[in-house]
Amino acid sequence: MKRSRPVTLRSRLVRDLSLLVIGFGLLAVVVMAVGTRWAARSLAEVIMGQALAVTESRLDGFFDGVEEHLAVIERQCTSGVLAVDPTDPADADPETALARGELDRIAILAPIIEASAAISSIIVADDRGREHLLMRMPEQWQSRLLAVDEWPEARLRTWSADAGTSVDAAATGTVAREVIDYDPRRRPWFRGAMEVAPGRRHWTEPYRFFSTGRLGMTVAVRHDDGASGGPARVVASDVLLDDITEFARTLGVGERGVAAILTADGRLVGLPGLPEFDDPAARDAAYLTRPEDLDLDLIVDAVAVRRVHAPDARATFRFTSGGEAWWGASEPYRLRSGLVLRIAVLVPEENLLGPLVGLRPAIA
């Protein structure tokens, strides 16, 4: 019978030492893997938090800029130069007085619109149903003057954008009269401003504008001329969702990160900078939809993970889309009027963490 080979002290030491080295090696790999994963998550949360803070700060600049221009209009309103008076009793020719007042207001309002890329139109209206709207359009300017309780028709003045916004250009524009089913006192911006204290800003929820049919938001403020017993007057500025989207497309983090702006209940008002939204028709179809209804894999995957694993109002989460790891973060954004929107940021992990992404395989 063949005798077994005796285990020498040396071979036993080699075996035990090998097991010890392997054990410590596995432990080191596990510790390093867990440590780098924790470090990656901590770093991602810090970077995403900073991205949200920068996005919020830039949004402040966008919306505050609109409100600052509204404050300029409000001061003009307080001085009385923007009063929408259909006729001047002292004027022998009411039509001349009407045109003169309209052109005087255009001279004040047009430079304010031109100074802000975010403002598409300005409205001055009062509780007697009088309104003057000045609107910048792609190919032309348009001014609408009406007095619902006094005239049967609105007065529309149109002139070419190439002619500029001077009073001379407006004076040579085409004037038409049209019966329209419109009363400024029924519009959401007027009613909202009348429901809050004079001087307090009111932002509307997104809605469809009467004149153009396009979607946007309006900020309005009420001024009461209590000293003279005059009408309550509201001045307002319109902002298109297209302009909010153009701004949102500049908010991405890094080369491929994107940002979106949503209503408090999760409907899109500022679309992310994805190629799918380069087409204006695609943008129009996407406004005020929920991200999960857009059939875009990146957004669908982000919403699914956030809903299950990060349902809090402020949340940072990791998800996979198209075989690639991404990080997402969102938080509420409150305008000074109290209206709440939501900011969402999505960034590829490789773009976010750089060399740290490949550290765990290298350690292994």
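The model is predicted, so local features need pLDDT of at least 70 and side-chain atom pairs count only at pLDDT 80 or more, while totals for chains, interfaces and linings use all residues. Residues are numbered from 1 along each chain as its sequence is written, and side-chain values use heavy atoms, with hydrogens and water left out.

Let's begin with the sheet. Five strands form an open sheet in the order β11-β10-β14-β13-β12, and their pairing is antiparallel. At the edges stand β11 (268-270) and β12 (315-321), each with a single partner strand, so one side of each has no neighbour in the sheet. From one strand to the next, the twist averages 30°. A word on terms: strands (E, at least two residues) and helices (H or I, at least four residues) are DSSP runs, numbered from the N terminus. Two strands pair if DSSP finds at least two bridges between them. In general, strands of a sheet pair through backbone hydrogen bonds, either parallel or antiparallel.

Now pick out β10. Strand β10 (residues 258-263) pairs with β14 (residues 340-348) in the antiparallel sense over six bridges. Along this pairing, I261 stands opposite I343 in β14, and A259 has V345 of β14 as its bridge partner. With β11, strand β10 pairs in the antiparallel sense over two bridges, and there L262 has L268 of β11 as its bridge partner. β10 and β11 also form a hairpin with four residues between them, and G266 in the turn has a positive phi of about 90°.

How much of β10 is buried? Six of its six residues are, where buried means under 20% relative accessible area, exposed means over 50%, and partly exposed lies in between (1.4 Å probe, protein chains only). In a regular strand the side chains alternate between the two faces of the sheet. In β10 both faces are covered: V258, A260 and L262 are buried on one side, and A259, I261 and T263 are buried on the other.

Within α5 (residues 241-248) you'll find F247, which is buried with a relative accessible area of 17%. Leaving aside neighbours within four places in sequence, F247 is in contact with R58, L59 and F62, contact being heavy atoms within 4.5 Å. Take L59 as an example: F247 and L59 are 188 residues apart in sequence, yet 8.5 Å apart in space, C-alpha to C-alpha.

Stay with L59 for a moment. Its contacts, again leaving aside neighbours within four places in sequence, are F247, L251, I261, Y333 and I343. L59 also belongs to the largest nonpolar core, which has 73 residues; L59, F63, I73, L134, W203 and F319 touch the most other members. Helix α1 (residues 9-79) gives the most to this core, with nine residues. Apart from it lies another core, of 16 residues, among them A125, L133, M135 and Y182. A nonpolar core here is a set of buried Ala, Val, Leu, Ile, Met, Phe, Trp, Tyr and Cys residues joined through side-chain atoms within 4.5 Å.

Next, have a look at helix α4 (residues 188-195), where W189, F190, G192 and A193 are buried. They cover an arc of only 165° around the axis, which puts them on the same side of α4; the arc is that of the directions from the helix axis to the C-beta atoms. What covers these buried residues includes β1 (119-126), β2 (130-136), β6 (202-203), β7 (207-208), β8 (215-224) and β9 (232-240).

Strand β8 also holds H223, which is buried with a relative accessible area of 17%. Not counting residues up to four places away in sequence, H223 touches C77, T78, P231, A232 and R233.

Last stop: the loop between α6 (280-286) and α7 (297-309), the place of L288. L288 has a positive phi of about 65° although it is not a glycine, and at 22% relative accessibility L288 counts as partly exposed. D295 lies in the loop between α6 and α7 too. Phi of D295 is near 60°, a positive value in a residue other than glycine, and D295 is exposed, with a relative accessible area of 67%.

Definitions and conventions
Axes are lines fitted to C-alpha atoms, for helices over the stretch in contact, and angles run from 0 to 180 degrees between N-to-C directions.
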